Amino acid sequence: MAARKLLIVEDEVAIRDMLRGALQMAGFHCAEAGDIHKAHVMVLDEKPDLILLDWMLPDGNGLELIRRLKRESATEQIPVIMLTARNEEDSKVRGLEVGADDYVTKPFSPRELIARINALLRRAYPEAASGCLECAALRLDSNGHVVTIQGQVIDIGPTEFRLLEFFLGHQGRAYTRSQILDHVWGSNVYLEERTVDVHVKRLRSALGSVAANNEIDYSRCLQTIRGTGYRFSKPVMEL
Ligand code: CA
């Protein structure tokens with residue numbers, strides 16, 4: 001599994017340096033921000049797997065960043081651990097209410113923080129433990145970069161692979177073309193929404209290529225939702 005990327009949002013340079021050192025030692029990649037504005041930009045640019053969020057920041061408090069993240073489908077699922085001071089008891093409750101996943105009270109030991117980070121990552125990304133995403137007999141192996149249907153390898157391009165990875169990780173939910181662009185291509189990449197249609201068509205064709213040997217036509221799991229976009233749903237067995 002590739003190293004996880006963490007975003008450290010902390011305005012005190014000494015604490016930020018200490019965190020970066022400890023987290024890098026533990027094998028994480030780190031990005032850093034010292035205020036909410038920069039943090040929000042970094043979240044969109046860097047797509048961190050988890051955010052460590054200090055409470056008191058120069059341009060506001062952590063709540064504001066959490067609220068912004070929860071408003072956007074591309075960022076709402078990023079887990080957040082709040083770093084709070086002992087005298088900020090109230091902030092923990094409010095943070096958890098608006099969607100923070102955990103908190104650590106300063107001063108904390110790096111070991112404790114790393115244990116919390118690992119626990120939260122396992123909870124937030126259960127598929128990463130095996131590296132595989134599945135839907136019935138369709139299986140995507142992120143580590144081996146291979147897609148199989150009933151054990152038969154299908155021929156798939158790199159963009160279609162990422163697209164399928166996204167859909168398999170978010171089954172049963174409809175996404176607009178713009179949301180799909182944000183998730184699969186990145187928020188700061190400007191492409192026409194038509195790009196999604198082109199790759200969905202290729203993905204369907206790849207998924208349908210072995211359908212003749214199977215009871216399920218997986219190309220039909222990737223459904224067009226009129227007026228919205230696309231959804232990947234578990235196949236319904238046809239009689
Ligand atoms: Ca602070």
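Predicted model: local features only at pLDDT ≥ 70, side-chain atom pairs only at ≥ 80, totals over all residues.
Strands of a sheet are paired through backbone hydrogen bonds, in either a parallel or an antiparallel manner. Both kinds of pairing occur in the regions described below.

On one side of the description stands strand E3 (residues 50-54), which runs parallel to E6 and is joined to E6 by 4 bridges. Within this pairing, Asp54 has Leu83 of E6 as its bridge partner. Strand E7 (residues 102-106) also runs parallel to E6, and 5 bridges connect the two. Here Leu83 is placed opposite Val104 of E7. Between E6 and E7 the chain passes through helix H4 (residues 89-98), forming a β-α-β crossover that is right-handed.

Antiparallel pairing is found in an open sheet of 4 strands, arranged in the order E8-E9-E10-E11. The edges of this sheet are formed by strand E8 (132-135) and strand E11 (152-153), each of which pairs on one side only. Strand E9 (residues 138-141) and strand E10 (residues 146-149) are antiparallel and are linked by 4 bridges. In this pairing, Asp141 has Val146 in E10 as its bridge partner. Helix H7, formed by residues 158-169, lies across E8, E9 and E10. The direction of helix H7 makes an angle of about 115 degrees with E9.

How values were computed
Residues numbered from 1 in each chain as written. Heavy atoms only, no water. Pairing = 2+ DSSP bridges. Contact = heavy atoms within 4.5 Å. Axes fitted to C-alpha atoms, helices over the stretch in contact; angles between N-to-C directions. Right-handed = clockwise from strand over helix to strand, strands pointing away.
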